[in-house]
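The following exercises are to be worked through with the sequence and the coordinates at hand. Each task is followed by a solution in steps.

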Amino acid sequence: MTEIESNPVQRRADLTRACELIAFRMGTQEFCVDIMSVREIRGWTKATALPKSPSFVRGVVNLRGTVLPIVDLAARLGFPAAEPTARHVIIVAQIGVQTVGLLVDAVSDILTVTDDLVHPTPDVASDMAKIFVRGVLAVDQRMISLIALDQLLPACEQDAA
């Protein structure tokens with residue numbers, strides 16, 4: 001586990017505002033989500049395609065008797081769609097009332113951060129990037145984008161669940 005700290009005196013004051021994030025890779029880039037939204041991390045399972053579904057929805061899988069929609073997170077964020085292999089993982093996350101699986105390349109880290117370490121999304125980013133990226137963290141020579149999970153699914157899909 002990587003812990004990002006400010007000075008020791010400030011760290012004690014910030015402990016109540018600290019949160020844990022799960023960092024993961026898609027291609028050469030790193031992203032993260034709040035660990036409180038994550039239910040589990042599981043290996044890639046081939047999804048059953050659904051007709052007329054958005055291009056970023058890979059299909060559904062059976063998760064212990066529950067139908068779990070799988071979102072190709074790379075495709076949803078505007079990157080080339082993933083070509084899943086046995087090395088890919090599904091992050092099972094709660095987004096509002098909907099449980100979804102997020103297809104990513106690999107989970108890389110668990111980070112403990114405070115609010116002051118999350119920088120706002122740069123103004124030069126596209127409007128689409130600002131919708132999906134809540135902020136950016138600079139961690140050990142890496143730039144990690146904090147994903148706004150509540151923005152991943154269109155409103156009608158969140159309400160339908």
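**Exercise 1. A positive phi in a loop**

R64 is exposed, with a relative accessible area of 64%. The model is a predicted one.

Task: Determine where R64 lies and describe its phi.

Solution. 
- Step 1. Exposed residues are those over 50% relative accessible area, and R64 is placed in that class because its value is 64%.
- Step 2. In the chain, R64 belongs to the loop that joins β5 and β6 (66-72).
- Step 3. The phi of R64 is positive, about 50°, although R64 is not a glycine.

**Exercise 2. A strand residue and its contacts**

Task: Locate M143 and list its contacts beyond four places in sequence.

Solution. 
- Step 1. M143 is situated in strand β11.
- Step 2. With a relative accessible area of 54%, M143 is exposed.
- Step 3. Once neighbours within four places in sequence are set aside, M143 contacts E30, V136, L137 and A138.
- Step 4. For E30, the separation along the chain is 113 residues, while the C-alpha atoms of M143 and E30 are 7.0 Å apart.

**Exercise 3. The order of the sheet**

Task: Give the strand order of the open sheet of 5 strands and identify its edge strands.

Solution. 
- Step 1. The order is β4-β7-β8-β6-β5, and the pairing is mixed.
- Step 2. β4 (38-43) and β5 (57-63) each pair on one side only, and these are the edge strands.
- Step 3. From one strand to the next, the twist averages 30°.
- Step 4. Within this order, β7 (residues 89-95) and β8 (residues 98-104) are antiparallel partners over 7 bridges. I90 faces L103 of β8.

**Exercise 4. The nonpolar core**

Task: Name the residues that touch the most other members of the largest nonpolar core, and find which element gives the most to this core.

Solution. 
- Step 1. The core has 24 residues, of which F24, M26, L77, L102, I147, L149 and L152 touch the most other members.
- Step 2. At least two core residues come from each of β2 (19-26), β3 (29-34), α2 (73-76), β7 and β8.
- Step 3. β7 gives the most, with 4 residues.
- Step 4. Beyond four places in sequence, F24 touches several residues, including F31, V33, L73, I91, V104 and I147.

Methods. Residues numbered from 1 in each chain as written. Predicted model: local features only at pLDDT ≥ 70, side-chain atom pairs only at ≥ 80, totals over all residues. Heavy atoms only, no water. Pairing = 2+ DSSP bridges. Axes fitted to C-alpha atoms, helices over the stretch in contact; angles between N-to-C directions. Core = buried A, V, L, I, M, F, W, Y, C linked by side-chain atoms within 4.5 Å. Buried < 20%, exposed > 50% of the residue type's maximum accessible area, 1.4 Å probe, protein only. Contact = heavy atoms within 4.5 Å.
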